[in-house]
Amino acid sequence: MRSGGWLRHCPNVHITAVGTAGFLVAAEEYLRAHHADAWTDAAFREHFATTMFTGYDSDAAMARIASMNMLLHGVENPTIERADSLAEGHPSEAQYSLVLANPPFAGSLDDETVAKDLQKAVKTRKTELLFLVLMIKVLRNGGRAAVIVPEGVLFGSSNAHKAVRKMLVEDQKLDAVIKLPSGTFKPYTGVSTAILLFTKTSSGGTADVWFYDVRADGFTLDDKRTPIEQNDFPDLLARWKARDAERDRPRTAQSFVVPKQEIVDNGYDLSLNRYKELEIEEVEHRSPAEILDELDALEVEIQAGLARLREMLA
């Protein structure tokens, strides 16, 4: 794509709870690696250095670290600000084409501190659900999101959990659920997590959902997180790019597709284990009588051996 065409389609990347800006740094590194020709366009360079990347964090120290991290990676003036993304007056303009997030979860806020527009969408104090609603709000139609959530979001039985999942499936286009192995975020937390990929449409569009079971991520799953050879992410990316072929995979495979109606019938449950089929290998066992006969024969051999030992000792 020519640089002018790239500029018209280049993303505005938004991070809620930006932390040290690790996701933003990864995004800019990806652009440099895969769209190096875009830097020949002066308008693109200006957009890249200023308005392309946005991040908010309620911790002032984190916001400063994130700003410095982006500067060290060649982004001169991104929008990195101290702001509570979930509080009243939070940044919520539907102007972003891409949201990447690993927001705080397993937390609970006071009703008084949560923005009224978020509470209107879903009545809850759970941060993981509120952040999901926020991400939908800040995306413009056609925008995409990749967000890491605790696994409980996928199957939680509260009205709020079901409402958010229904929102993703019915009102937007839920593309994929990627189950991560337990231990992915050790030593910080042992909570099981998953990645939700969705596109904002405001008019539905979910026909089916792609599921992938990541069993190895290139590191040991203990507190040390030592690099290992086993890594499912290259296979995940290859299958994601060829999703049309995934419809033919059986439910016993590492990845498969589930029709929307089946998800609706299961109360919008998005847990992979709900739909995965176990491949049970049939094993033929010997009859109890046969085993007892073998034990009897073994006992006879033992007694005969003991008798020979006694004769030798005598």
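I began at Thr199, which lies in strand S7 (residues 193–199). Strands here are DSSP runs of E with at least two residues, helices are runs of H or I with at least four, and both are numbered from the N terminus. The model is predicted: local features need pLDDT of at least 70 and side-chain atom pairs count only at pLDDT 80 or more, while totals for chains, interfaces and linings use all residues. Residues are numbered from 1 along each chain as its sequence is written, and side-chain values use heavy atoms, with hydrogens and water left out.

Is Thr199 buried or exposed? I found Thr199 buried, because its relative accessible area is 15%; buried means under 20%, exposed over 50%, and partly exposed in between (1.4 Å probe, protein chains only). The side chain of Thr199 makes a polar contact of 2.9 Å with that of Asp175. Such a contact is a pair of N or O atoms within 3.5 Å; within protein, one must be able to donate a hydrogen and the other to accept it, and residues adjacent in sequence count only if both atoms are side-chain atoms. Leaving out residues up to four places away in sequence, Thr199 also touches Gly142, Gly143, Arg144, Gln172 and Lys173, where contact means heavy atoms within 4.5 Å.

Next I looked up the cores. A nonpolar core is a set of buried Ala, Val, Leu, Ile, Met, Phe, Trp, Tyr and Cys residues joined through side-chain atoms within 4.5 Å. The largest has 44 residues, and Phe198 and Phe211 have the most contacts inside it. Helix H6 (residues 127–138) gives the most to this core, 9 residues. Apart from it lies another core of 20 residues, including Val18, Ala27, Phe53 and Ala66. I listed the neighbours of Phe211 beyond four places in sequence; among them are Val177, Phe256, Ile263 and Tyr275.

In helix H3 (residues 42–49), I noted Phe44, His47, Phe48 and Ala49 as the buried residues. At the start of H3, a side-chain oxygen of Asp41 comes to within 2.9 Å of the backbone nitrogen of Ala43.

Last, I turned to Leu298, which is in helix H12 (residues 288–313). Leu298 counts as partly exposed because its relative accessibility is 45%.

For comparison, I checked Gly22 in helix H2 (residues 22–34). Gly22 is partly exposed, with a relative accessible area of 40%. Its C-alpha atom is separated by 25 Å from that of Leu154, 132 residues apart along the chain.
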